[in-house]
Structures are given as structure tokens and as C-alpha cells.
Amino acid sequence: MPRYEFRCRECSTTFEVDRPMVAAADPADCPQGHPDTVKLLSTVALGGRAGAGAPVPAGGGGGCCGGACGCG
């Protein structure tokens with residue numbers, strides 16, 4: 001189930017709510033009971049090694065046709 005992050009405009013508390021995607025736009029009350037909250041834009045972190053680029057396929061010189069027309 002997706003997790004959405006909210007911030008209370010009154011007390012600045014940041015909190016998370018687990019809810020189905022169909023309820024993503026529904027308002028959420030602050031844990032302190034304040035109703036004026038805003039949903040925050042979350043970022044997604046993907047695993048992998050820093051600096052490790054995708055493997056380059058062998059052959060072909062790039063360009064519009066893989067180098068066959070002399071463009072790449």
C-alpha cells in the first residue's frame with residue numbers, strides 16, 4: 001500500500017499515511033488533531049551503484065541508423 005507524506009500548516013508536523021491509491025487525494029488530519037494539512041511531493045530512491053552506467057552494446061556507431069549511413 002502506498003505511503004503518502006503530509007505536513008500540518010498549523011504546527012509544521014510532518015507525518016505519513018498509508019492508504020490505497022484511490023484515496024491519494026483525500027485530506028489527512030494532523031496527529032495533533034489539526035485539519036489544515038498539505039500533501040508533500042515525495043521522491044523515489046532507486047538502488048544501484050553510483051557511477052555505474054548502462055553497458056554499451058558492441059558494434060554500431062550510433063547516429064540515426066547505427067552508423068550504417070556514415071552519420072555516427
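Reader: Which residues does F15 touch, not counting residues up to four places away in sequence?
Author: F15 touches Y4, E5, F6, R7, C8, A28, D29, C30, P31 and T37. Contact here means heavy atoms within 4.5 Å. Before we go on, the background: this is a predicted model, where local features need pLDDT of at least 70 and side-chain atom pairs count only at pLDDT 80 or more, while totals for chains, interfaces and linings use all residues. Residues are numbered from 1 along each chain as its sequence is written, and side-chain values use heavy atoms, with hydrogens and water left out.

Reader: Why is F15 called buried?
Author: Buried means under 20% relative accessible area, exposed means over 50%, and partly exposed lies in between (1.4 Å probe, protein chains only). F15 has 9% relative accessibility, so F15 counts as buried. F6 is buried too, with a relative accessible area of 3%.

Reader: What makes F6 and F15 a stacked pair?
Author: Rings of Phe, Tyr and Trp (its six-membered ring) pair if their centres lie within 6.5 Å; planes under 30 degrees apart count as stacked, over 60 as edge-to-face and the rest as tilted. F6 and F15 are 5.8 Å apart centre to centre, with 15° between the planes, so the pair is stacked. The count by this rule is 1 aromatic pair.

Reader: Which residues make up the largest nonpolar core?
Author: That core has 8 residues: Y4, F6, C8, F15, V17, A24, A28 and C30. The name stands for a set of buried Ala, Val, Leu, Ile, Met, Phe, Trp, Tyr and Cys residues joined through side-chain atoms within 4.5 Å. Strands β1 (3-8) and β2 (14-18) each supply at least two residues of this core, and β1 gives the most, with 3 residues. Strands (E, at least two residues) and helices (H or I, at least four) are DSSP runs, numbered from the N terminus.

Reader: How do you know that β1 and β2 pair?
Author: Two strands pair if DSSP finds at least two bridges between them. There are 5 bridges joining β1 to β2, so these antiparallel strands meet the rule. One of the links has V17 in β2 as the bridge partner of Y4. β1 also pairs with β3 in the antiparallel sense, over 3 bridges, and C8 stands opposite T37 in β3.

Reader: Why are β2 and β3 said to stand at the edges?
Author: The 3 strands form an open sheet in the order β2-β1-β3. β2 and β3 (37-39) each have a single partner strand, so one side of each is left without a neighbour in the sheet.

Reader: What makes E5 partly exposed?
Author: E5 has a relative accessible area of 26%, so E5 falls in the partly exposed range. E5 lies in strand β1.
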